[in-house]
Amino acid sequence: MADLIRQHRTQCRSRWRRLDPGRQALLVLAHLRNGDTYSRLAAGFAIGTTTAWRYVREAITLLAALADDINACAVRVARLAYAILDGTLIPIDRVAEQRPYYLGKHKRHGVTVQVVADPAGRLVWVSPALPGAVHDLTAERTVGLVDALTSGNVMTFADKTSDGRNCQAATAVVIGKAVAFR
């Protein structure tokens with residue numbers, strides 16, 4: 001992480017920063033791992049709250065640029081016996097435009113992400129966050145996940161919200177409460 005930050009600072013010709021790349025990486029990891037607030041991070045690292053926020057956002061942007069796209073995910077998953085697909089709601093604080101982020105099923109505000117895992121349950125890919133009111137199937141179609149998995153002929157197990165009959169899949173097999181589509 002520190003090397004990534006150092007390379008970014010060299011590219012943008014940053015002369016001086018309050019924290020060196022190693023301390024900035026530590027600050028970001030403390031935020032991501034422990035969920036420390038920006039004010040706590042600022043106090044602990046002797047910087048301003050805005051600076052803490054800016055450092056965390058900068059590092060998250062750098063990490064997001066390294067993430068695989070949906071096509072790379074499909075290539076990785078094609079080598080597996082099958083993949084597991086599920087959507088989850090990540091709770092958030094209220095936002096100014098509340099309606100799209102409120103999910104009545106859970107009675108809370110949040111963002112929804114789609115997760116692809118291997119047969120052992122290890123994370124393979126995570127979609128970008130969408131407003132919580134977006135249905136799982138809509139989210140899968142929005143990010144192109146259904147098309148990528150079906151074009152790669154990947155056996156995928158998902159819950160009933162990912163109804164295989166609505167996908168561009170050739171067949172859909174209902175197994176208990178799960179749907180497998182190929």
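With which residue does Glu58 form a salt bridge? The partner is Arg17, and the closest N and O atoms of the two side chains are 3.1 Å apart, where a salt bridge is a side-chain nitrogen of Lys or Arg within 4 Å of a carboxyl oxygen of Asp or Glu. Because Glu58 lies in helix α4 and Arg17 in the loop between α1 (2-11) and α2, the pair ties together parts that are 41 residues apart in sequence; helices here are DSSP runs (H or I, at least four residues), numbered from the N terminus. Glu58 counts as buried at 16% relative accessibility, whereas Arg17, at 22%, counts as partly exposed, with buried meaning under 20% relative accessible area, exposed over 50% and partly exposed in between (1.4 Å probe, protein chains only).

This is a predicted model, in which local features need pLDDT of at least 70 and side-chain atom pairs count only at pLDDT 80 or more, while totals for chains, interfaces and linings use all residues. Residues are numbered from 1 along each chain as its sequence is written, and side-chain values use heavy atoms, with hydrogens and water left out.

Glu58 also takes part in the packing of α2 against α4. Helix α2 (residues 21-34) and helix α4 (residues 49-66) meet at an angle of about 85°, their axes being 9 Å apart; axes are lines fitted to C-alpha atoms, for helices over the stretch in contact, and angles run from 0 to 180 degrees between N-to-C directions. The two helices are therefore roughly perpendicular to each other, a term that covers angles of 65 to 115 degrees. On the α2 side the contact (heavy atoms within 4.5 Å) involves Gln24, Leu27, Val28, His31 and Leu32, which meet residues of α4 including Tyr55, Val56, Ile60 and Leu63. The residues of this contact divide into nine nonpolar, two polar and one charged.

The whole structure holds four salt bridges. Another of these joins Arg40 and Asp36 at 3.8 Å, N to O, and it pairs an exposed Arg40, at 57% relative accessible area, with a buried Asp36, at 19%. In a further one, Asp118 and Arg122 have their closest N and O atoms 3.0 Å apart; Asp118 is buried at 7%, while Arg122 is exposed at 55%.

Arg13, in the loop between α1 and α2, has a positive phi near 55° although it is a residue other than glycine, and Ala46, in the loop between α3 (38-45) and α4, has a positive phi of about 55°. Arg13 counts as exposed at 72% relative accessibility, and Ala46 counts as exposed at 52%.

Definitions and conventions. Angles under 35 degrees count as roughly parallel, over 145 as roughly antiparallel, 65 to 115 as roughly perpendicular and the rest as oblique. Ala, Val, Leu, Ile, Met, Phe, Trp, Tyr, Cys and Pro count as nonpolar, Asp, Glu, Lys and Arg as charged, and the others, Gly among them, as polar.
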